[in-house]
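Here are a few friendly notes to read alongside the structure. Keep the 3D view open and find each place as you go.

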Amino acid sequence: MSIRISIFYILPVVLLIFIPSLFSQSNSIDSLISVYKSDEQNTTNIIKIGEAYAAEKRWDLAINFYEKLIRIDPNNSDYLYRLGGTQAAYSEVVSKFKVLPLINTAKKNLIKSASLDKKHIYSRWALVQILTELPQIIGGNKDDAQEYCHEILNISKVHGLLSYHYFHSFQRNEKKIIEFEKKIIDSLNSNPVLFEFNYFNFVVGKILTNQNHKKYSNLSIKYLERYISHYSSADRFSLDETYYLLAYSNFKLGNENSRHFIKLSKEVSMNSEKRNYSLIKKIDELNKLINRWKFILLQ
């Protein structure tokens, strides 16, 4: 039986969202390797190489260079975080015989990263994902996942609330999901903040879109637009769903551009290799509402 770990979108998130990227498209891998050959201790350049390989989803080569960082500085929390996240991502594509040792090594590196830096949100977030989504038999641990949620909460209230929301969403605990959605909204009302980690921008945008009060629609639009502007293939949530939510938020506000976003949503959805027919049905229903609303206005 083949084992596949569903959560490990972690690496692209790690490189492109969590940590300010040093990689530029103007820097070819060949030129970066050339610099490395002349200066093997240049950690900034090594990070760029790791990010460049990660951008091409060549996880094994990215791991190779992040391991070089660890050899230079074994107790650097950032380096350990990069390596652990990369190993977790690589576990998605390796053979079933390599998954368990790779996951265990990734966890060890992320745990060490978190222990070295008591304020490191994202090593803890990666561990929340791993420990929540993995079955216990291959390393999952729901109690430890909640402990890391609590640690994140002590570092940043809104990040901690989002971590708990993620945990309970995976458990499908509707009562807890609603509880933490209310807490997230209360936190953002007092201290609105856009996120570096794009996953959170989408989740907050969706939570706000689904609120009955129109007053949250403008705020939801900001988060969803942020998600789109920072979107990459690394992101978990599809653009067709994001455009649908944007269309819905704008529709609730009576904005004309709701027609533009529902059109984009339908186009992206129909061109997707893996069509989400449940979403397509919702897109069609919202499109009918928007057209009916437009017809009433014209009368």
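Predicted model: local features only at pLDDT ≥ 70, side-chain atom pairs only at ≥ 80, totals over all residues.

1. Is α5 enclosed or open? Of its 14 residues, 12 are buried, so α5 is largely enclosed by the rest of the structure. Among the buried residues are Y79, L80, Y81, R82 and L83.

2. Now look at the N-terminal end of α5, which is capped by N76. A side-chain oxygen of N76 lies 3.0 Å from the backbone nitrogen of D78.

3. Next, turn to the pair α7 (residues 121-133) and α9 (residues 157-171), whose axes come within 10 Å and cross at roughly 10°. Angles under 35 degrees count as roughly parallel, and α7 and α9 are therefore roughly parallel to each other. On the α7 side, the contact is made by I121, Y122, W125, V128, Q129, T132 and E133. The partners on α9 are H159, S163, Y166, F167, F170 and Q171. Sorted by class, this contact has seven nonpolar, five polar and one charged residues.

4. Is N45 buried or exposed? Its relative accessibility is 5%, so N45 counts as buried. The N45 side chain reaches the backbone oxygen of L32 at 3.0 Å. Setting aside neighbours within four places in sequence, N45 is in contact with L32, V35 and Y36.

5. Backbone angles deserve a look too. Most residues other than glycine have a negative phi. K57 has a positive phi, near 60°, and is not a glycine. You will find K57 in the loop between α3 and α4 (59-72). With a relative accessible area of 48%, K57 is partly exposed.

6. R172 sits in the loop between α9 and α10 (174-190). How accessible is this residue? R172 counts as exposed, at 72% relative accessibility.

Conventions
Residues numbered from 1 in each chain as written. Heavy atoms only, no water. Axes fitted to C-alpha atoms, helices over the stretch in contact; angles between N-to-C directions. Helix = DSSP H or I, 4+ residues; strand = E, 2+ residues; numbered from the N terminus. Parallel < 35°, antiparallel > 145°, perpendicular 65-115°, else oblique. Contact = heavy atoms within 4.5 Å. Nonpolar A, V, L, I, M, F, W, Y, C, P; charged D, E, K, R; others polar. Buried < 20%, exposed > 50% of the residue type's maximum accessible area, 1.4 Å probe, protein only. Polar contact = N/O pair within 3.5 Å; in protein donor to acceptor, adjacent residues only side chain to side chain.
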